[in-house]
Amino acid sequence: MAYTTAQIGQLFPNIMEIKDAALREKVAAVWNEALSLGCGGSGWTFDEIRAIPFTLLAGKIDLRFVEHINSCCKQCIAISAVLGEVFGARVPVHIDYLIAGSLLADVGKMLEFDKNAAGGVIKGHYGDLLRHPFSGVALCFKHGVPVEVMHIVATHSHEGDKVDRTIESWIFHHADFIDFDIAKVLGKQAAATEARDAKDAKDAKDAKDTNDARATKDSGEPKDFKDSKDFKDFKDSKESKEYRA
Ligand SMILES: [Fe+2]
């Protein structure tokens with residue numbers, strides 16, 4: 001499996017905004033290798049990674065991993081534009097490094113994730129031992145990605161909390177957590193809705209059972225068919241006795 005830069009661009013269109021062609025090719029090469037190596041070595045297809053949820057830590061949310069990467073990359077570009085518009089050169093941002101870093105920060109998740117027997121995406125043994133900032137840097141190093149970009153990959157999550165992040169790494173870190181914090185809100189809302197729906201369904205069933213019991217009692221009909229007059233009549237009937245004979 002070897003994806004071209006244009007094919008990787010189908011997943012992550014902003015890769016084409018990296019002006020340095022050599023860096024753009026390196027970003028694509030890292031993704032190509034991660035897609036080929038991932039899923040316990042059997043590789044991920046585009047359809048599979050498009051279906052992967054953004055995070056496995058926020059419950060039932062309808063946000064996808066690929067969407068999250070694109071969201072973060074676009075947020076980074078927008079933040080950089082605002083900083084440039086307001087502060088100008090006083091806040092220098094290396095936009096190529098920022099775009100490359102935003103597209104590679106989570107590339108290691110291709111190794112972190114695996115599939116269970118039912119085909120669901122889970123955190124695999126690899127991910128238990130090596131979180132994606134580490135595996136991401138390893139993949140980037142192999143393809144000659146500049147240290148400024150590897151710094152964003154290495155420090156974007158809590159692993160970077162004790163490190164002096166660069167401006168580009170801070171921008172990505174906050175963009176990443178905008179998505180993650182929103183995902184947690186949505187996950188909590190989904191859990192609350194699910195719990196409320198389950199309670200409503202139970203209340204409706206309990207009310208129906210109570211009403212049925214009341215209706216049976218009110219009609220004077222015995223609850224059990226064996227106690228009913230119809231059953232006694234049938235038991236004593238000629239047909240029933242012939243059948244038993
Ligand atoms: Fe991450």
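Predicted model: local features only at pLDDT ≥ 70, side-chain atom pairs only at ≥ 80, totals over all residues.
1. Helix 9 is largely enclosed by the rest of the structure, because seven of its nine residues are buried. These buried residues are Val149, Met150, His151, Ile152, Val153, Ala154 and Thr155.

2. The overall layout should be kept in mind. The chain holds 12 helices and two strands.

3. What radius of gyration does the chain have, and what would a compact globule of 245 residues have? The chain has 30 Å, whereas such a globule would have a value near 18 Å. Along the principal axes, the C-alpha atoms fill a box of roughly 100 × 40 × 30 Å. Of the 245 residues, 27% count as buried. Among contacts between residues at least 6 apart in sequence, 61% join residues at least 24 apart.

4. The pairing of helix 5 with helix 9 may be examined next. Helix 5 covers residues 95-104 and helix 9 covers residues 147-155; their axes come within 8 Å and cross at roughly 40 degrees. The two helices are therefore oblique to each other, and their crossing is right-handed. On the side of helix 5, the meeting residues are Tyr97, Ala100, Gly101 and Leu104; on the side of helix 9, they are Glu148, Val149, Ile152 and Val153. By class, this contact comprises six nonpolar residues, one polar residue and one charged residue.

5. Is helix 5 mostly covered or mostly uncovered? Helix 5 is mostly covered, with eight of its 10 residues buried. The residues concerned are Tyr97, Leu98, Ile99, Ala100, Gly101, Ser102, Leu103 and Leu104. What covers them includes helix 2 (21-37), helix 4 (65-87), helix 8, helix 9 and helix 10.

6. Helix 9 also packs with helix 10. The angle between these two helices is about 35 degrees, and their axes are 9 Å apart. This crossing is right-handed. Helix 9 contributes His151, Ile152 and Thr155 to the contact, and helix 10 contributes Glu168, Ser169 and Phe172. The residues of this contact divide into two nonpolar, three polar and one charged. Ile152 of helix 9 also takes part in the contact with helix 5.

7. Helix 10 has a further partner in helix 4. The axes of helix 4 and helix 10 come within 9 Å and cross at roughly 130 degrees. These helices are therefore oblique to each other, and the crossing is right-handed. Which residues make the contact? From helix 4 come His68, Ser71, Cys72, Gln75, Cys76, Ile79 and Ser80, and from helix 10 come Ile171, Phe172, Ala175, Asp176, Ile178 and Asp179. Seven of the residues in this contact are nonpolar, four are polar and two are charged. Phe172 of helix 10 also belongs to the contact with helix 9.

8. Two residues of helix 2 complete the note. Leu35 lies in helix 2. Why does Leu35 count as buried? There are 23 other C-beta atoms within 10 Å of Leu35, and the cut-off for a buried residue is 20 or more. Leu35 and Leu111 are 76 residues apart in sequence, yet their C-alpha atoms are 8.4 Å apart in space.

9. Ala28 also lies in helix 2. Ala28 counts as buried because it has 22 C-beta neighbours inside 10 Å. Leaving aside residues up to four places away in sequence, Ala28 touches Thr5, Ile8 and Ile15. Ala28 and Gly9 are 19 residues apart in sequence and 8.1 Å apart in space, C-alpha to C-alpha.

How values were computed: Residues numbered from 1 in each chain as written. Helix = DSSP H or I, 4+ residues; strand = E, 2+ residues; numbered from the N terminus. Rg over C-alpha atoms; globule rule 2.2 N^0.38 Å. Buried ≥ 20, exposed ≤ 12 C-beta atoms within 10 Å, placed from the backbone. Contact = placed C-beta atoms within 7 Å. Axes fitted to C-alpha atoms, helices over the stretch in contact; angles between N-to-C directions. Parallel < 35°, antiparallel > 145°, perpendicular 65-115°, else oblique. Left-handed = near helix turned anticlockwise from the far one by under 90°. Nonpolar A, V, L, I, M, F, W, Y, C, P; charged D, E, K, R; others polar.
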